[in-house]
Amino acid sequence: MIELQNVSVRFGTRCVLDDISLSLTQRRIGIVGANGSGKSTLARLLNGLLLPTSGRVTVDGFDTAKDGRQVRARIGFVFQNPDNQIVFPVVEEDLAFGLKPLKLPKAEIDARIDAVLARYDMGDYRTHPSHQLSGGQKQLLAISGVLIMEPRCVVFDEPTTLLDLRNRNRVAKAIEALDQQVITVSHDLDLLAGYDRILVVDQGKIAIDDTPQNALPRYVDLMT
Ligand SMILES: Nc1ncnc2c1ncn2[C@@H]1O[C@H](COP(=O)(O)OP(=O)(O)OP(=O)(O)O)[C@@H](O)[C@H]1O
């Protein structure tokens, strides 16, 4: 379980998240809010990319401030722009990179690379230059680089924002098919319609915490 206990985040004198407590147990959780409301900040707290100014974030009892390794093994993070996530020039090298610290046998590494690429029908791209992939393929590679670590939860920060409709649909399908817990920050409300729980971030607080059926229309009202 991911838990936030009285979490605040301040940047200088600006309080971006103000005393938030949450238990994140549902399989699909969406986070929405206006630009600059603190959604990415909230998402980045969940795997220790960012530490709270005060309060505690724990993942299965591990504190993000103290147990970074255990937290990152459990929670994967997919950035909005896959170019920020893809670091190696060749697809298979990029996928193998995250596995390095695990010191797995080469056969296991190869098997995991084959499995994630097969999942997205990208087996032919194993030795392809990563930066020559299409935008949608890059996002799928970024997702693959996270899945290969076998996290139990994946946090997505605006995963479809940079994609055309075709690739948006491809990535949406890929997210939908995940067995893992998924926490998605998005302005794409259709992406979140089938989720179990929606959190609306507004002025440093969770203004609405409800099902999509209840939360999304109220959010749309709030924004208009
Ligand atoms: N490292 C940082 N240092 C200073 N201010 C920051 C930092 N990160 C975020 N902020 C500020 O905190 C606020 C919330 O940012 P955040 O990225 O969480 O918003 P968001 O809801 O994800 O926005 P968007 O929808 O535009 O992506 C913004 O005003 C932003 O400028």
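A: In this predicted model, the largest nonpolar core has 54 residues, and the ones touching the most other members are Ile31, Leu46, Val78, Val155, Ile183 and Ile198. A nonpolar core here is a set of buried Ala, Val, Leu, Ile, Met, Phe, Trp, Tyr and Cys residues joined through C-beta atoms within 7 Å. Buried takes 20 or more other C-beta atoms within 10 Å of a residue's own, with C-beta atoms placed from the backbone. Helix α5 (residues 135–147) supplies the largest share of this core, six residues. Helices (H or I, at least four residues) and strands (E, at least two) are DSSP runs, numbered from the N terminus.

Two housekeeping notes: residues are numbered from 1 along each chain as its sequence is written. Since the model is predicted, local features need pLDDT of at least 70 and side-chain atom pairs count only at pLDDT 80 or more, while totals for chains, interfaces and linings use all residues.

Now zoom in on Ile198: leaving out residues up to four places away in sequence, Ile198 touches Gly30, Val32, Leu192, Asp210, Pro212, Ala215 and Leu216. Contact means C-beta atoms, placed from the backbone, within 7 Å.

Stepping back, 38% of the chain's 224 residues count as buried. Of the contacts between residues at least 6 apart in sequence, 65% join residues at least 24 apart. The chain has eight helices and 10 strands, and its C-alpha trace spans about 45 × 40 × 30 Å along the principal axes.

How values were computed:
Buried ≥ 20, exposed ≤ 12 C-beta atoms within 10 Å, placed from the backbone. Contact = placed C-beta atoms within 7 Å.
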